[in-house]
Amino acid sequence: MSRTLALSAAIACLTGAMITAQQPAPSGARPGAAAAAAADVRSKLVQGDVWIINAGFVNVAVQVGSDGVLVVDTGTEAAAPKILAEIQRIAEGKPIRYIVNTHAHADHVGGNVAIAKAGKSIIAGNFAPQAGAGAANQAKIIAHENVQLRMSEGEGNQPPAPTIALPTDTFFVKRFDLYFDGEAVQLLHEANAHTDGDVIVYFRKSDVIATGDVYVNTTFPVINVQQGGSLNGIIAALNHIIEITVPKDKQEGGTYVIPGHGRLADEADVVEYRDMVTIIRDRFQDAIKKGMTLEQVKAARLVRDYEGRYGATQGFWTTDAFIEAAYRSLSGAKPSARQSTR
Ligand SMILES: [Zn+2]
């Protein structure tokens with residue numbers, strides 16, 4: 001799926017260096033800096049009531065309907081004002097009622113405070129007589145309980161989150177259901193995948209899944225072993241996504257998939273990615289069975305045929321970082337140093 005939505009132009013990577021879209025500002029229309037800043041956050045209706053907001057290198061999903069607004073992930077703290085402005089533009093005055101966090105990392109929860117607070121202000125404006133109590137006066141933040149735990153702990157460069165940024169409603173079951181904006185919205189826990197608190201969010205009527213970081217199409221899978229992530233958990237999550245998605249007959253599209261990072265996808269994209277990850281897993285497992293060390297696996301370049309597409313030699317999630325995480329995840333070896341991912 002590459003032609004349907006222009007958002008593919010904003011392919012981003014986890015290094016934080018955004019590959020910018022081929023959208024030159026009209027010459028003389030406005031100052032270049034302002035045009036560039038405005039281009040950082042862009043939205044597109046995916047289908048049904050669900051929108052994708054591409055905020056630099058991370059994606060936010062937004063459902064807008066008669067009950068109000070549900071936001072999946074809130075982007076970085078720095079981008080929060082722009083993301084919020086874009087949500088409000090799409091929402092046309094409807095209140096932000098729910099935020100769902102797919103996992104605990106700062107590039108997915110950084111806007112929690114700003115966006116939850118805005119939910120409060122909209123509710124206060126429209127429903128002031130009913131709202132009353134302070135807690136009811138801001139958007140609820142829903143997440144798996146491990147997200148709340150991980151956010152309160154902090155990790156690496158990420159300090160513990162302030163209480164106001166934490167999920168207000170947590171759950172520990174495999175599936176948490178909401179009915180909002182006339183459709184079933186299911187939060188499905190993907191155990192031990194990118195972290196131990198990942199959920200994918202399935203909008204059943206709109207037929208869209210927001211996956212968080214269990215599926216990204218910019219890099220090799222990001223596995224935070226320290227926080228309970230695992231390569232096999234990633235594969236299980238990808239298989240689960242494929243189980244839910246249905247392609248249009250002989251066409252692209254059908255169920256759409258919003259990845260945590262990268263371009264909008266459909267089932268075929270996820271299948272291709274799952275196949276790649278599965279092939280790599282099998283090679284690694286084989287190597288581990290033969291008694292190869294991490295250094296030997298690195299030297300054997302077992303992922304070289306995929307490096308052109310998903311590899312990186314520098315930045316946040318390098319090929320070596322992936323190999324190390326995958327190896328440790330499969331062999332049960334403890335990380336040598338404190339590993340930080342996002
Ligand atoms: Zn993450």
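Predicted model: local features only at pLDDT ≥ 70, side-chain atom pairs only at ≥ 80, totals over all residues.
Helix α2 covers residues 80-91. The buried residues of α2 are A80, I83, L84, E86, I87 and A91. They cover an arc of only 160 degrees around the axis, so they sit on the same side of α2. On the face turned away from this buried side are the exposed residues A85 and R89. After α2 comes E92, which has a positive phi near 50 degrees.

The largest nonpolar core has 86 residues. Helix α10, residues 319-331, supplies the largest share of this core, with six residues. In soluble globular proteins, nonpolar side chains tend to be buried together. The residues with the most contacts inside the core are V71, V201 and I258. Leaving aside residues up to four places away in sequence, V71 touches V60, V62, I87, I96, I99 and I115.

Helix α7 has 23 residues, 267-289, and reaches 32 Å from its first C-alpha to its last. This is close to the 33 Å expected at 1.5 Å a residue. Its buried residues are E267, D269, V270, Y273, R274, V277, I280 and F284. They pack against α6 (231-244), α8 (294-300) and α10, as well as the strands β12 (256-258) and β13 (265-266). G291, which follows α7, has a positive phi near 85 degrees.

Technical notes. Residues numbered from 1 in each chain as written. Helix = DSSP H or I, 4+ residues; strand = E, 2+ residues; numbered from the N terminus. Expected span 1.5 Å × (residues − 1). Buried ≥ 20, exposed ≤ 12 C-beta atoms within 10 Å, placed from the backbone. Arc of directions from axis to C-beta. Core = buried A, V, L, I, M, F, W, Y, C linked by C-beta atoms within 7 Å. Contact = placed C-beta atoms within 7 Å.
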